[in-house]
Amino acid sequence: MSISEETVDQVKKLEADKYKYGFVTDIEMETAPKGLNEDIIRFISEKKEEPQWMLEWRLKAYKHWLTMEEPNWAKVGYKKIDYQDLYYYAAPKSMDRPKSLDEVDPELLKTYEKLGIPLKEQELLSGVVAVDAVFDSVSVATTYKAKLTEMGVIFCSISEAVREYPELVKKYLGSVVPHSDNYFSALNCAVFTDGSFVYVPKGLRCPMELSTYFRINAENTGQFERTMIIADEGSYVSYLEGCTAPQRDENQLHAAVVELVALTNAEIKYSTVQNWYPGDETGAGGIYNFVTKRGACRGDNSKISWTQVETGSAVTWKYPSCILQGDNSIGEFYSVAITNNAQQADTGTKMIHLGKNTKSTIISKGISAGRADNTYRGLVKIMPKAEGARNFTQCDSLLIGNTCGAHTVPYIETRNPTARVEHEATTSKISEDQMFYCQQRGLSPEEAVSLIVNGFCKEVMKELPMEFAVEAQKLIGISLEGSVG
Amino acid sequence: MSLLSIRDLHATVGGNEILKGINLEIGPGEIHAVMGPNGSGKSTLSYVLAGREGYEVTRGTIAFKGKDLIDLAADERANEGVFLAFQYPVEVPGVVGMTFLREAYNAKLRYLGKQEIDAMEFLKFVRSRAKTLNMSDDMLKRAVNVGFSGGEKKRNEILQMAVLEPDLAILDETDSGLDIDALKLVSDGVNELRSENRSMLIITHYQRLLNYIQPDHVHVLAHGKIQRSGGKELALELEAKGYAEFSEEAA
Ligand SMILES: Nc1ncnc2c1ncn2[C@@H]1O[C@H](COP(=O)(O)OP(=O)(O)OP(=O)(O)O)[C@@H](O)[C@H]1O
Ligand SMILES: [Mg+2]
């Protein structure tokens, strides 16, 4: 089936319920009492059977968070969050750490099936993708563990890593995003519940894509996952992250932290398709997605590449960044951010050049429709020692209709005269000419918009791994539904 | 029975009446040429037939294969078999030519309730069509019309027509901007598509094209009406005399 037809099919299926991942799994949950204080943090730490150092680390972050102010510089507006009115821990009761997939509650497996994520290993694409699934606060299952372990790859939930690989965790946790970094990352440090942990040993090209699927289910629950990926010298790993949440009238908070470390000659490719519930047409409900993602190219010749397709969430605040420490290291950021109806996105990247001959590329495609607002905010910073550093930035915005907005806010700071920084920006509209041209060739208005937008995003889409690219193309069509006519 | 039957067609654009009572019958397999001064409403007629938004029919009827076209949306008309080769083809950045063709082709198959075509089979089909028009694979890999020369854009329109195999093809000044060799190529391509159940409405300013593509009828459109109709000798007469006889004063 062709992409645009599938898109239309999907859209039709969604007519009753436009957000198809909007269902709720009916399962008994164990939650911590509402609100945030040191006892809650102790509760979480205890639930996770964490060592003392971990608890202390959390408490330190919490104390720091108390001294901080919620940031308001982003071009987003939202109802003030009452941090005492949230649950910070929610776990399906039936599954205190399942040992194997057979112990996982069938209701949960059904949820993932509905989401199109088979957790039965034999059903997975003949071993090309290994999945870690996070349901509210706990990791449900990690597939292909044995096979990965054999190769020396660690791929597990971060809670498990804290218990099983404390040395690795201690060495790297907070080394890229320290607890004092920002308001939401401090909060995450204090209360993070789960997320994925990846370690790829020296010289190994990880032969399968590693993938995590995040699912928010419980009501009034914040999701604070924490992901760490460490690529040891000369290794390579490609990691995929997908997200959905049920449709609810209240807003839900998601404040994740992702830390990547690439050592000498290592490469990490991190791809996200974010499809959290965006709220309805009037702007009610939806996820607040306040995420800190950062990668450190620690070694020479290392490379980190972020690719994101952001279609969901009511409010997005997210700047996947690269710290280019090693000489000749490379940072890349490819982004598609789509906002429709009342969605708001303030997203972009930071490229910090420290090492010699470091190179960064930023390609950002923002699409706004309805009454949505879409802002690209980026920082390129060249430090004094970054001899011969180079950056190329291209920011393109596409507007659909007359009631949406697109904004580009690039900051460039150069402290080395040999640096070369290029910035290009365009803003365009889907023209009536293009629409008519496509329709004259037989495409419906929805198919035409989907095709034109996919064309607009092409440079980013081609960076996605195959399995993800098809899903992302479909998502683009779905999330723009109702934007024409 | 006519394939296309236009009766007393009046249409406005931006509040101005541009078409003021067009009557035209096109039978299956016939080629009709429409000539006329700049601004006389030729492109407007093509847009009205194709169902472009903003081109409002205020009076009259258009029947295509016995169906009333006016109630159909632009994409439905296309899938019914109306094709317009644009006077100014539109760029679609990032959309590869081959993808565009396949999406269009499959849209029509779906409309007709048929199975979509296999990607490999389609590729072969398009290549064979492109060859006749001397278009390289390279051009099919590029984004639709982006960075194409004027002549390449026109050839690309004819390729799309050759692939979509419409019942009625409207060619709006496909010959302008073509060099002598390209004009020959495009004409050959069009002639190859002539068949007893495919009709064409060819809008042109130049008699030369009609040496290559022999029309059955020639019409002069001026002031929103067809002022005169005749055989291909009418084109020669216009070439010699110009449009003076159809000027505002004369009319
Ligand atoms: N959007 C519009 N608003 C008002 N007038 C319009 C609009 N579009 C076209 N027109 C007018 O309609 C008339 C017919 O235009 P049209 O493009 O159909 O002419 P044409 O016969 O194709 O001319 P040419 O030979 O130059 O291509 C022109 O006077 C033009 O200015
Ligand atoms: Mg014209």
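Predicted model: local features only at pLDDT ≥ 70, side-chain atom pairs only at ≥ 80, totals over all residues.
S43(B) belongs to helix α1 of chain B and Q87(B) to the loop between β6 (82–85) and β7 (92–96) of chain B, so the pair ties together parts that are 44 residues apart in sequence. Helices (H or I, at least four residues) and strands (E, at least two) are DSSP runs, numbered from the N terminus. S43(B) is buried, at a relative accessible area of 18%, and Q87(B) likewise counts as buried, at 13%. Buried denotes under 20% relative accessible area, exposed over 50%, and partly exposed the range in between (1.4 Å probe, protein chains only).

Residues are numbered from 1 along each chain as its sequence is written, and chains are lettered from A and ligands numbered from 1 in the order in which they are written. Local features need pLDDT of at least 70 and side-chain atom pairs count only at pLDDT 80 or more, whereas totals for chains, interfaces and linings use all residues; side-chain values use heavy atoms, with hydrogens and water left out.

Helix α1 (residues 42–50) of chain B lies across β1, β2 and β4 (55–64) of chain B and runs at about 110 degrees to β1(B). Axes are lines fitted to C-alpha atoms, for helices over the stretch in contact, and angles run from 0 to 180 degrees between N-to-C directions; contact means heavy atoms within 4.5 Å. In chain B, four strands form an open antiparallel sheet in the order β2-β1-β4-β5. Its edges are β2 (16–26) and β5 (67–68) of chain B, each with a single partner strand, so one side of each is left without a neighbour in the sheet. Strand β1 (residues 4–13) of chain B pairs with β2(B) in the antiparallel sense over eight bridges, pairing being assigned if DSSP finds at least two bridges between two strands. Within this pair, S5(B) stands opposite E25(B) of β2(B).

Chain A contains twelve helices and 23 strands. Of its 485 residues, 63% count as buried. Among the contacts in chain A with a separation of 6 or more, 84% are between residues 24 or more positions apart.

Ten bridges join β19(A) to strand β17 (residues 330–339) of chain A in the parallel sense, with I330(A) having K359(A) as its bridge partner. A further parallel pairing, also of ten bridges, joins β19(A) to strand β21 (residues 390–399) of chain A; here the bridge partner of S364(A) is C395(A).

Over all chains, 31 salt bridges are found, each defined as a side-chain nitrogen of Lys or Arg within 4 Å of a carboxyl oxygen of Asp or Glu. One of these joins E259(A) to R226(A), with the closest N and O atoms 3.0 Å apart. E259(A) lies in strand β11 (residues 257–262) and R226(A) in strand β8 (residues 226–231) of chain A, so that distant parts of the chain, 33 residues apart, are linked. E259(A) is buried, with a relative accessible area of 0%, and R226(A) is buried with a value of 0%.

A salt bridge is also formed by E241(A) and K293(A), at 2.7 Å between the closest N and O atoms. E241(A) lies in strand β9 (residues 236–244) and K293(A) in strand β13 (residues 286–297) of chain A, so the pair ties together parts that are 52 residues apart in sequence. E241(A) is buried at 3% relative accessibility and K293(A) at 4%. The side chains of K318(A) and E310(A) meet in a salt bridge of 2.3 Å, N to O; K318(A) is buried at 2% relative accessibility and E310(A) at 3%. Elsewhere, E38(A), D39(A), R42(A) and K63(A) are joined into one network by salt bridges that share partners.

K269(A), in strand β12 (residues 267–274) of chain A, is buried, with a relative accessible area of 14%. The K269(A) side chain reaches the backbone oxygen of E463(A) at 2.6 Å. Beyond neighbours within four places in sequence, the contacts of K269(A) include Y236(A), S305(A), T307(A) and E463(A).

Methods: Polar contact = N/O pair within 3.5 Å; in protein donor to acceptor, adjacent residues only side chain to side chain.
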